[in-house]
Amino acid sequence: MVKINDNFLKLPGSYLFSEVARRIAAYNAAHPEAEIIKLSIGDVTRPLVPAVTQAMHAAVDEMGTAEGFHGYGPEQGYEFLRQAIAQGDYASRGVDIQPNEIFVSDGAKSDCGNIGDIFGTDNIVAICDPVYPVYVDTNAMAGRAGEYQEELGRWSRLIYMPCVEANGFAPEPIRERADIIYICSPNNPTGAVMSREKLKAWVDYANANGSVILFDSAYEAFVASEDVPHTIFEIEGARTCAIEFRSFSKTAGFTGNRCAYTVVPMELERGGAKLNTLWNRRQCTKFNGVPYVVQRGAAAVYTPEGRAQIMANIGYYRENARIIREGLSAAGLTCFGGVDAPYIWLKTPDGVGSWDFFDQVLNRANVATTPGAGFGPSGESYIRLTAFGEAQATRTAVERVRNMFR
Ligand code: PLP
């Protein structure tokens, strides 16, 4: 009889978002008149910008002609987009990334998960706590996480690096050896960013230990502070130890369009192999490229009009983040993040548990949030608020939560 990958059986149910949805539905059923505002959504709400839709319309028209038709494209992405990325996201910041180091894909989620294909199953993996759940679950599926310890809410073989107030929600390098290290900056869920010094310390650690840093920078477009790195490749030594994931999802509203990219530098070698070659082999075997029309839309983000238009949308979300952060701080609540990230990490008053505070805010303010405990043990007594909502609804939600504390 066929043997299944029984690592899947070890996975706990995807408790967080289904439980959030269940509680909202239950509250709605009991209070049909309540207008619940969701500060829990991780999806964007602003429409695609005109530069993108125009480029996509033109690409659709091209596809309808014999000369302009495109079938399977290069698995790594069209040269026009890889060039635009190399120039727009890297050369413009003084960072040398060549187009053949860029792999265009259908999402940072898939890339963060699929990258595990090129690494052995006996590697030791370090993750931040709290963390974007994809890193944990994909390692569990591959058999790198060990056993799930229900009572602790942890996997036995993963190294958890607590991201707490004392370290600015950004861990220092650890004492133990970790082979694969996930770093997400700007961070989901805490909204924290890694400073240049901390990133440098991690790069030095990885080069000294032969580790690889998987740097998820899906929220890079939200970096506003002068001194915060936009890419790990701004850090000296990163080309020999880091892989970077970026996405058009939050940058340009592509959550429903699907386009992202991963950078694997040519100098990055482990076990006598270039990781660029391995990732290329993996993608060519298992992936058939992002639609031409979508890649044309993504390339439009790098035109001057496209850039101005997407930055206006980012500005809209940034303003929401400011309203949440300042509004709730003025009400005496302790908020982190929301400056270089679309997430606000709110400390619950008096150490109330995440889920209890979630219920209080839902019941008394009719505002949905995301309990921090769902992102890992160190997320307990925090909730995550997002700035991706509609501006007026966000204002109303903040006012309602403030009223709870009057
Ligand atoms: N990485 C992080 C940290 C995220 O929070 C998300 C989406 O929420 C993603 C990656 C997924 O990006 P994509 O839409 O490109 O798959």
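Me: What does the side chain of Thr 386 reach at 2.6 Å?
Reply: The backbone oxygen of Ile 41. That is a polar contact, meaning a pair of N or O atoms within 3.5 Å; within protein, one must be able to donate a hydrogen and the other to accept it, and residues adjacent in sequence count only if both atoms are side-chain atoms. This is a predicted model: local features need pLDDT of at least 70, side-chain atom pairs count only at pLDDT 80 or more, and totals for chains, interfaces and linings use all residues. Residues are numbered from 1 along each chain as its sequence is written, and side-chain values use heavy atoms, with hydrogens and water left out.

Me: Is Thr 386 buried or exposed?
Reply: Buried, because its relative accessibility is 0%. The cut-offs are under 20% relative accessible area for buried and over 50% for exposed, with partly exposed in between (1.4 Å probe, protein chains only).

Me: And how far is Pro 342 from Thr 386 in space?
Reply: 5.9 Å, C-alpha to C-alpha. In sequence they are 44 residues apart.

Me: New topic, the ligand. Which side chain has a polar atom 2.5 Å from a ligand oxygen?
Reply: Tyr 219. Asn 188 has a side-chain N or O atom 2.8 Å from a ligand oxygen. For Arg 258, that distance is 2.8 Å.

Me: How much of the ligand does the protein bury?
Reply: 91% of the 400 Å² that the ligand exposes when taken alone. Those areas come from the Shrake-Rupley method with a 1.4 Å probe; for residues, only the protein chains shown count as cover.
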